[in-house]
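Me: I have a structure open and would like to go through it with you. Could we begin with the words used for how covered a residue is?

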Amino acid sequence: MKLLALHSSPIPIHGISGRNSIEKSIFFSGCSLGIPANKRCTDARKSSASLDFRVRAVGSVGSSQKTANVNEPDKIKTDKDVVFVAGATGRVGSRTVRELLKLGFQVRAGVRSAQRAQTLVESVRQMKLDDSSGSKPVEKLEIIECDLENQGGIGAAIGNASIVICCIGASEKEVFDITGPYRIDYKATENLINAATVAKVDHFILVSSLGTNKIGFPAAILNLFWGVLIWKRKAEEALMASGLPYTIVRPGGMERPTDAFKETHNLTLSPDDTLFGGLVSNLQVAELMACMAKNTRLSYCKVVEAIAETTAPLTPMEELLAKIPSKRELPPEPPIPAPKPEDVVVQSEASKPRPLSPYSMYDDLKPPTSPTPTPSSSLDLQEKEQAKFTPQKHQPLSPYTVYEDLKPPTSPTPTPSIASSLKDINVDGVVSLGSNSGKGMQI
């Protein structure tokens, strides 16, 4: 198996039509990797197309050209935003890749042939997402060419992914291959489970099938395809025994429904060994697995049977998952690590308000400041307290009250006249003292 690396810059892959071998030369980690192709190129125009996505092939590339950490996958630190999808060019796998990219994940798409992944890359390139960062979905896609039947290169294919989604299955086109279900649905899946266990991934999602743990109709009919449900059940048991946090999805029939199936049929989820039949679209299963990857604790160690019905209400997938019982007790959430002292100092400095003056960084260039007022003494405080209880004097309205010398001259006060003083003396020389009634003392 050869390794093919994709970079962000366009990398031309040239093809020669005919029965001669094709050699693609690319640069990875500073060295040129020659990758011979033993298959005939059916379309020279596609083979000469410029690829601007990242491709990486994993496997043996010679004794002197080994990639880093191929034999030591447990030393690679996993990234919670990276998902490895096995069978990424299939009907379910390709849709799962696009749904994961919509949720912001970085996807390592495991494929058998990088040339077969060109359709996937073109579909991702046409995606239009509202991303504030301005990055394109194709920049988060990495094509990994690997063979799951070869145990040696799977660990490097998983890389730093924290979640593994397995969408592989024997092709119905190879109906005469009696070993197909055993090799693909069981052994290749088991190899991926073992590699994920060594890599210590956080979660493993497996696409199985409805009726894997049942006998009779319709399981007996499906098992005519060389015991496909029996081998899928063996893969489920291998995943449960691995100790990894897992989710097993058992979808109904996905051959006939198109992507428009979800417009008239709503998704329903049931516990394991509940349903006997039903239909669901590939897109609905892909959306379900992307939701599981986003909510790993909500889908922790659950076996889910999925179909779609016209009579089912439209319910968020998170609510549907919450109703499915878990096979294991959910572990407590990991504690949030305490911030380091240096991080606290940096954060406190960053939280300080930024001064508006340009002189704040230059103490010597600061402009002169006004003198700081001195605090009042205790005597002043006592006078202020007494002033609260002292009645305030009426403030005169005239502005001249403060300036005595500037007051205007006042008119002399009139003295009582002689006529007014004699008006009360009658002609008889009697002065009347009393009221107006005339009854009073006479002098």
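Reply: A residue is called buried when its relative accessible area is under 20%, exposed when it is over 50%, and partly exposed in between. By that rule Asp 273, at 31% relative accessibility, counts as partly exposed. Please keep in mind that the model is predicted.

Me: Where does Asp 273 lie?

Reply: Asp 273 sits in the loop between β12 (266–271) and α8. Its phi is near 60°, a positive value in a residue other than glycine.

Me: And what is phi of Cys 301 near?

Reply: Phi of Cys 301 is near 50°, which is also a positive value in a residue other than glycine. Cys 301 belongs to the loop between α8 and β13 (302–309).

Me: Let us step back. How many helices and strands are there in the chain?

Reply: The chain has 12 helices and 15 strands. It comprises 443 residues, of which 38% count as buried. Among contacts in the chain with a separation of 6 or more, 74% are between residues 24 or more positions apart.

Me: You mentioned α8. What should its 13 residues span?

Reply: Helix α8 covers residues 282–294, and at 1.5 Å a residue its 13 residues should span 18 Å. The end C-alpha atoms are 19 Å apart, so the two values agree.

Me: How many of its residues are buried?

Reply: In α8, 12 of the 13 residues are buried, so the helix is mostly covered. The buried residues include Asn 282, Leu 283, Glu 287, Cys 291 and Met 292.

Me: At what angle do α2 and α8 pack?

Reply: Helices α2 and α8 pack at an angle of about 45°, and their axes are 8 Å apart. The two helices are therefore oblique to each other. The contact involves Arg 91, Val 92, Arg 95, Thr 96, Glu 99 and Leu 100 of α2. On the α8 side, the residues in contact include Asn 282, Val 285, Ala 286, Met 289, Ala 290 and Ala 293.

Me: Why would residues three or four places apart point the same way?

Reply: An α-helix has 3.6 residues a turn, so residues three or four places apart point the same way.

Me: Which way does α2 pass α8?

Reply: The crossing of α2 and α8 is right-handed. The crossing of α2 and α3 is right-handed as well. Helix α2 (residues 91–102) packs with helix α3 (residues 118–125) at an angle of about 30°, with their axes 11 Å apart. That angle makes α2 roughly parallel to α3. The contact is formed by Ser 94, Val 97, Arg 98 and Leu 101 of α2 together with Leu 120, Ser 123 and Val 124 of α3.

Me: New topic: α5 and α7. How far apart are their axes?

Reply: The axes of helix α5 (residues 180–199) and helix α7 (residues 228–241) are 8 Å apart, and the packing angle is about 10°. That makes α5 roughly parallel to α7. Among the residues making the contact are Tyr 182, Asp 185 and Thr 189 of α5, and Trp 231, Lys 232 and Ala 235 of α7.

Me: Could we finish with the strands? Where is Thr 247?

Reply: Thr 247 lies in strand β11, residues 246–251. At 0% relative accessibility it counts as buried. The side chain of Thr 247 reaches the backbone oxygen of Ser 299 at 2.5 Å. Thr 247 also touches Met 292 and Lys 302, among other residues.

Me: And Ala 86, buried or exposed?

Reply: Ala 86 is buried, with a relative accessible area of 2%. Ala 86 is part of strand β6, residues 79–86. The C-alpha atoms of Ala 86 and Val 111 are 6.8 Å apart, although the two residues are 25 residues apart along the chain. The residues that Ala 86 touches include Gly 110, Leu 148, Cys 166 and Leu 192.

Technical notes:
Residues are numbered from 1 along each chain as its sequence is written. This is a predicted model: local features need pLDDT of at least 70, side-chain atom pairs count only at pLDDT 80 or more; totals for chains, interfaces and linings use all residues. Side-chain values use heavy atoms; hydrogens and water are left out. Helices (H or I, at least four residues) and strands (E, at least two) are DSSP runs, numbered from the N terminus. Buried means under 20% relative accessible area, exposed over 50%, partly exposed in between (1.4 Å probe, protein chains only). A polar contact is a pair of N or O atoms within 3.5 Å; within protein, one must be able to donate a hydrogen and the other to accept it, and residues adjacent in sequence count only if both atoms are side-chain atoms. Contact means heavy atoms within 4.5 Å. The expected span of a helix is 1.5 Å times one less than its number of residues. Axes are lines fitted to C-alpha atoms, for helices over the stretch in contact, and angles run from 0 to 180 degrees between N-to-C directions. Angles under 35 degrees count as roughly parallel, over 145 as roughly antiparallel, 65 to 115 as roughly perpendicular and the rest as oblique. A crossing is left-handed if the near helix is turned anticlockwise from the far one by less than a right angle, and right-handed if clockwise.
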